[in-house]
Amino acid sequence: PTSSPVEFSDITQYNDGAVYTIDSEGSSFTDESLVITRGTTLVLDADGYVEAPLNTDWPALRFSISSKFVGNGGSVLGSYADTSYVEGDYENGGDAIHLNNGQSGSDTGSTGEFRAGINVMGGNAPGGVGGDALSVNGFGSEASIFGGNFVGGTGLKGDGLSLNVLNGGIAHVRGGTFGGD
């Protein structure tokens with residue numbers, strides 16, 4: 001599908017290269033994962049939030065293929081994992097934000113800017129490992145952190161990371177607070 005947004009049961013995809021802003025309860029998402037691709041930009045301002053669905057392995061926000069995140073405020077919360085729920089397929093908490101590479105070259109990496117006022121929290125997992133707050137994955141993917149609060153989810157078997165940079169991703173940390181393993 002190439003029109004935006006493309007809505008599935010609990011995943012909404014934005015892929016048209018436009019700029020979308022979440023800045024109020026009316027534009028926020030609960031029980032939804034957002035997938036941002038193909039040069040699309042998502043801006044999160046104060047009073048906006050995205051909360052992933054329960055018991056999913058999808059992050060609350062997943063960026064790929066040259067997409068961009070601008071976090072000026074608001075909050076992002078990864079999936080809470082509890083196998084005692086009817087939909088309890090996952091033991092581990094979900095991650096809050098993934099900045100991923102589109103896999104074809106460094107020019108398809110995603111970028112993110114994080115400013116004071118944003119809260120990024122991995123999902124908690126009473127029976128497993130907590131989710132990561134921010135994951136920067138793949139060459140060309142880059143996070144610039146000027147402020148904000150990043151907290152890995154808590155779990156019985158271990159806490160999630162506040163910042164996880166892997167596979168050639170880059171994070172420039174100039175401010176902010178970090179908590180978790």
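This is a conversation about reading a predicted model of one protein chain.

Biologist: Before we dig in, what are the ground rules for this predicted model?

Modeller: Local features need pLDDT of at least 70 and side-chain atom pairs count only at pLDDT 80 or more, while totals for chains, interfaces and linings use all residues. Residues are numbered from 1 along each chain as its sequence is written, and side-chain values use heavy atoms, with hydrogens and water left out.

Biologist: Fine. How many helices and strands does the protein chain have?

Modeller: Helices (H or I, at least four residues) and strands (E, at least two) are DSSP runs, numbered from the N terminus. Here you get zero helices and 19 strands. The radius of gyration is taken over C-alpha atoms, and the globule rule is 2.2 Å times the number of residues to the power 0.38. For this chain the radius is 15 Å, close to the 16 Å the rule gives for 181 residues, so the chain is as compact as a globular protein of that length. The C-alpha trace spans about 40 × 35 × 35 Å along its principal axes.

Biologist: How do I read a sheet, and which order do the strands of the open one have?

Modeller: Strands of a sheet pair through backbone hydrogen bonds, either parallel or antiparallel. Two strands count as paired if DSSP finds at least two bridges between them. The open sheet here has six strands, ordered β4-β7-β10-β13-β16-β19, with parallel pairing. β4 (29-30) and β19 (177-179) are the edge strands, each pairing on one side only.

Biologist: Can we walk through it? Which strands does β10 pair with, taking β7 and then β13?

Modeller: Three bridges join β7 (residues 49-51) to β10, with tyrosine 49 opposite serine 75. On to β13: four bridges link that strand to β10, again parallel, and leucine 77 has methionine 121 as its bridge partner there. At the end of the order, β16 (residues 149-151) and β19 pair in the parallel sense over three bridges, with valine 151 partnered by glycine 179.

Biologist: And which residues of β10 sit on its covered face?

Modeller: In a regular strand the side chains alternate between the two faces of the sheet. In β10, Gly74 and Val76 make up the covered face, and Ser75 and Leu77 the uncovered one.

Biologist: Now the inside. How many residues does the largest nonpolar core have?

Modeller: In soluble globular proteins, nonpolar side chains tend to be buried together. Buried means under 20% relative accessible area, exposed over 50%, partly exposed in between (1.4 Å probe, protein chains only). A nonpolar core is a set of buried Ala, Val, Leu, Ile, Met, Phe, Trp, Tyr and Cys residues joined through side-chain atoms within 4.5 Å. The largest one has 26 residues, and those with the most contacts inside it are Leu34, Leu61, Phe69, Ile97, Phe114 and Leu134. Strands that each supply at least two of its residues include β5 (33-36), β6 (41-44) and β8 (61-63). Contact means heavy atoms within 4.5 Å; leaving aside neighbours within four places in sequence, leucine 34 is in contact with residues including Ile22, Phe29, Leu42 and Leu61.

Biologist: Which side chain does histidine 98 join in a polar contact?

Modeller: That of aspartate 95, at 2.8 Å. Histidine 98 lies in strand β11 and is buried, with a relative accessible area of 17%.

Biologist: Last one: which phi does aspartate 31 have?

Modeller: A positive one, about 60°, although aspartate 31 is not a glycine. Aspartate 31 is in the loop between β4 and β5 and is partly exposed at 44% relative accessibility. Asparagine 167 has a positive phi too, about 55°; that residue is in the loop between β17 and β18 (170-173) and is exposed, with a relative accessible area of 55%.

Terms used:
Polar contact = N/O pair within 3.5 Å; in protein donor to acceptor, adjacent residues only side chain to side chain.
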